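Please read them with the sequence and the coordinates open beside you.

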Amino acid sequence: MTFSNIELLVGGLILLVVGADWLVKGASSLASAFGISPLIIGLTVVAYGTSAPELAVSVSSAFKDQADLAIGNVIGSNIFNVLFILGLAAMVTPLVVNKQLVRLDVPVMIGASILLLALGYDGRIGKIDGLILFSGAVGYTLFLIYESRREMKKAGLVEASEAPEEEGGHWLGNLGWIAIGLVGLVVGSRLLVDSAVSIAQFYGVSELIIGLTIVAAGTSLPEVATSVVAALKGERDIAVGNVVGSSIFNIVAVLGLSSLISPSGIAVSQHAISFDLPVMIAVAVACLPIFFAGYSISRLNGAIFFGFYVAYVLYLIFYATEHTAVKTFQTAFIYGVAPLTVLSLIYMTAVGVRKHRAAA
C-alpha cells in the first residue's frame, strides 16, 4: 500500500462531502427559483444525477454483453439505497416523509420493482421490455413536473418568472452548483472506491469480499453523501426523494436504456429471479407501512433498515463463500426475523391508520 492510496481515499471523501453540499444547495435553490417543490427536485434532478455511476456501469456492461453486472448493479444499488442510505440518514436525524411519497412515489417504486420481475421472469429483458421501462421513466418524470407546477399554482404560490432572484438565485447559477456537485460526487466516489480496493488488497482481503462490499456500494456513494448532507441541512424532502427517485430511475431508466443498447438484451439469472429481485421488491414494500406510520422515519426505523442491510451483506458473503453458517443464517431469517418483521410492519400500518382516522 502506498501513501498515495490514503491520500486518494481522503480526497475522495472530501469531494463526496463537498459535492453533496453543492448539489443540495443548488437543488434547493433551483426548486425555489422555479416554484417546484424540493421533493420533486429530489425525485428528479438530484436522484437522476446521483444515479449517474449506476447508469455508466450498467450501460457499459450491457454494451459489453456483461448482463450479470448490469442487472446486479441495479438490484444491489436499490437494496443499498433503501436499507443503508435511508437507514443511515434516519439515524443521523429522523426524517419527515412527504405525503406524496406514500400516495404516489413509493407505490411507483413497488410497481416498477414488480414490473422488472415480470419482464425478466422469462430469463431476459429484451429491447421491447427496455422500451417499456424507458417510456415509463419519461412518463413518470413529465408527470412529476406537471403535478408539481399544478399544485404550486393551486396553492397560489409565486410563478417562477415572478420570483425575486435573491430568493432562489439565478437558475443558471443553480444549475452550475448542481453540475459541479455532481462532478464532485462522481469523481469522489471513483477515487474512494479505487483507493479502498487497493488498500483492501494490500491487507489480503479477497477480491470476492471487495466486490460484495466496496465496489457494490461504490456506485451508490453519491446518494449516501447527498441524503446524509440533505438530512443534516434540514432538506428532508431531498434526502428521502433522492433515495426513492434513484431507485425508480435505476429500474426504468438505467435498465431500460441498458437493454435497448445491449446487442441481445439483458439476461436475468435464475438466482436473481428467485432471490435478489424478490428481496428488492420486499425492501420496496417495507417502505410503505414504515413511511405511512406517522409519515416519518424514526431513528429506530433507520436502525432496523441499517441492520437488515448488514444481514443481507453477511448472507451474500456466506452464500458466495459456501460458508457452513449459511444454512443457520437462512433458518434464523425465515423462521425468526422475517415473521417478526412482517408483524411489526402490520402493527405500524394499523397505528398509522388509527392516527389518520383520528386526525380526520
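1. The protein chain exposes about 16400 Å², and carbon and sulfur atoms supply 70% of that area. Please keep in mind that this is a predicted model, so the figures below describe the prediction. Of the 360 residues of the protein chain, 47% count as buried, and the chain contains 14 helices and four strands. Among contacts between residues at least 6 apart in sequence, 85% join residues at least 24 apart.

2. Glu223 deserves a separate look. This residue lies in helix H10, residues 221-232, and its relative accessible area is 0%, so Glu223 counts as buried, the limit being under 20%. Apart from neighbours within four places in sequence, Glu223 is in contact with Thr50, Ser51, Glu54, Asn81, Ile85, Asn242 and Ser246.

3. Which aromatic residues are linked by ring pairs into a cluster? The members are Phe80, Phe84, Phe275, Phe306, Tyr309, Tyr312 and Tyr315. A search of the whole structure finds eight aromatic pairs. One of them, formed by Phe84 and Phe306, is tilted, with 5.1 Å centre to centre and 40° between the planes. This pair links distant parts of the chain, given that Phe84 is in helix H4 and Phe306 is in helix H13 (residues 299-320), 222 residues apart. Phe306 has a relative accessibility of 25% and therefore counts as partly exposed rather than buried, a class that requires a value under 20%.

4. Tyr309 and Tyr312 form an aromatic pair that is likewise described as tilted, at 6.4 Å centre to centre and 40° between the planes. Both residues lie in helix H13, three residues apart, which is about one turn of the helix. Tyr309 counts as buried because its relative accessibility is 10%, and Tyr312 counts as buried because its value is 12%.

5. Thr141 is placed in helix H6, residues 127-154. Is this residue buried or exposed? With a relative accessible area of 17%, Thr141 is buried, and, neighbours within four places in sequence aside, its contacts are Thr44 and Tyr48.

6. Lys25 and Gly181 are 156 residues apart in sequence, yet their C-alpha atoms are 9.1 Å apart in space. Ile14 is also found in helix H1, and, together with Ile6, Val10 and Val18, Ile14 makes a nonpolar surface patch of about 290 Å².

Conventions:
Residues are numbered from 1 along each chain as its sequence is written. This is a predicted model: local features need pLDDT of at least 70, side-chain atom pairs count only at pLDDT 80 or more; totals for chains, interfaces and linings use all residues. Side-chain values use heavy atoms; hydrogens and water are left out. Helices (H or I, at least four residues) and strands (E, at least two) are DSSP runs, numbered from the N terminus. Buried means under 20% relative accessible area, exposed over 50%, partly exposed in between (1.4 Å probe, protein chains only). Contact means heavy atoms within 4.5 Å. Patches are made of residues with over 30% relative accessible area and no salt bridge: like charges are joined within 9 Å, nonpolar side chains (Val, Leu, Ile, Met, Phe, Trp, Tyr) within 5 Å. Accessible areas come from the Shrake-Rupley method with a 1.4 Å probe; for residues, only the protein chains shown count as cover. A salt bridge is a side-chain nitrogen of Lys or Arg within 4 Å of a carboxyl oxygen of Asp or Glu. Rings of Phe, Tyr and Trp (its six-membered ring) pair if their centres lie within 6.5 Å; planes under 30 degrees apart count as stacked, over 60 as edge-to-face and the rest as tilted.
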